[in-house]
Amino acid sequence: MKKTLLKQGWNILSSALVAAVVLVAVSLVLLRMMGYQVFNVVSGSMEPTYSVGDLIYVKSVDPDAVEVGDPITFVLNENLVVATHRVIRVDAENRHFYTKGDANETADAAPVHFNNLIGIPTLSIPKLGYVSDFIQHPPGTYIAVGAGLMLLAALFVPDLLRGKSTRQEEKEKQEEEITV
């Protein structure tokens, strides 16, 4: 009886864990399918709005829709470094944004051309950027794959073992019936 309750508890726990992981993964994939790009925050220039290690989802927007006060994500230089800073001035005539990080004391030295705009961050998930960065590079990739396989094993192994023990019990009963 106690063993049965333990198995039921384990099944419920492992199923809930797998369901939670799948739900989070599907949600994150759906956002990407809806046109959002994902970036890790790697500096504290936008604190407290976005902290180091946050994961931000950026939606593409028309440059003309950007207003003073909006945070924007943009290509910073020819090395394709990406940054997110707040717009402090829009020069529509020359097609430039002037930006500044919330935590920075001075404005950015160079304006951002409208062509370098990636979009506006609309969703931030605190600290998930650390996880994202970790699983994108070995050994984090191997650990993530291993953890996924362990979750699947946790879900299916108890059923497989139960099936094996049930078959073994049935075989023993048949042998008892034959000998009787």
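Predicted model: local features only at pLDDT ≥ 70, side-chain atom pairs only at ≥ 80, totals over all residues.
A residue is called buried when its relative accessible area is under 20%. Phe-97 sits in strand 5, while Phe-114 is found in the loop between strand 6 and strand 7 (117-125), so the pair ties together parts that are 17 residues apart in sequence.

Side chains of opposite charge can pair when their charged atoms come close. Here you will find 1 salt bridge. Its partners are Arg-86 and Asp-102, whose closest N and O atoms are 2.8 Å apart. Arg-86 is part of strand 4 (residues 82-91), and Asp-102 lies in the loop between strand 5 (96-100) and strand 6 (112-113), so this bridge links parts that are 16 residues apart in sequence. Asp-102 has a relative accessibility of 28%, so it counts as partly exposed.

At Tyr-36, the charged end of Lys-59 sits over the ring, 5.1 Å from its centre. At Tyr-98, the residue lying over the face is Arg-89, and its distance from the ring centre is 4.0 Å.

Now find Asp-54, in the loop between strand 1 (36-40) and strand 2 (55-59). Which side chain of opposite charge is nearest to this buried residue? That is Lys-127, at 4.6 Å. A salt bridge needs a side-chain nitrogen of Lys or Arg within 4 Å of a carboxyl oxygen of Asp or Glu, and Asp-54 has no salt bridge. The backbone of Lys-127 tells another part of the story: its nitrogen lies 3.2 Å from a polar atom of the Asp-54 side chain. Leaving aside residues up to four places away in sequence, Asp-54 touches several others, among them Phe-39, Val-41, Ser-124, Pro-126 and Gly-129.

Stay with Lys-127 for a moment, as its own backbone deserves a look. Lys-127 is located in the loop between strand 7 and helix 2, and with a relative accessible area of 44% it is partly exposed. Its phi is positive, at about 65°, although Lys-127 is not a glycine. Most residues other than glycine have a negative phi, and most peptide bonds are trans. Arg-95 also has a positive phi, near 60°, and it too is a residue other than glycine. You can find Arg-95 in the loop between strand 4 and strand 5; at 35% relative accessibility, this residue counts as partly exposed.

Our last stop is the peptide bonds. Where is Pro-48 placed? Look in the loop between strand 1 and strand 2, where the bond leading from Glu-47 to Pro-48 is cis, with omega near 5°. Further along, Pro-138 and Pro-139 are also joined by a cis peptide bond, with omega about 5°. Pro-139 belongs to the loop between helix 2 (128-135) and helix 3 (140-179).

Terms used:
Residues numbered from 1 in each chain as written. Heavy atoms only, no water. Helix = DSSP H or I, 4+ residues; strand = E, 2+ residues; numbered from the N terminus. Buried < 20%, exposed > 50% of the residue type's maximum accessible area, 1.4 Å probe, protein only. Lys NZ or Arg CZ within 6 Å of the ring centre and 35° of its normal. Lys, Arg positive; Asp, Glu negative; His and termini not counted. Polar contact = N/O pair within 3.5 Å; in protein donor to acceptor, adjacent residues only side chain to side chain. Contact = heavy atoms within 4.5 Å.
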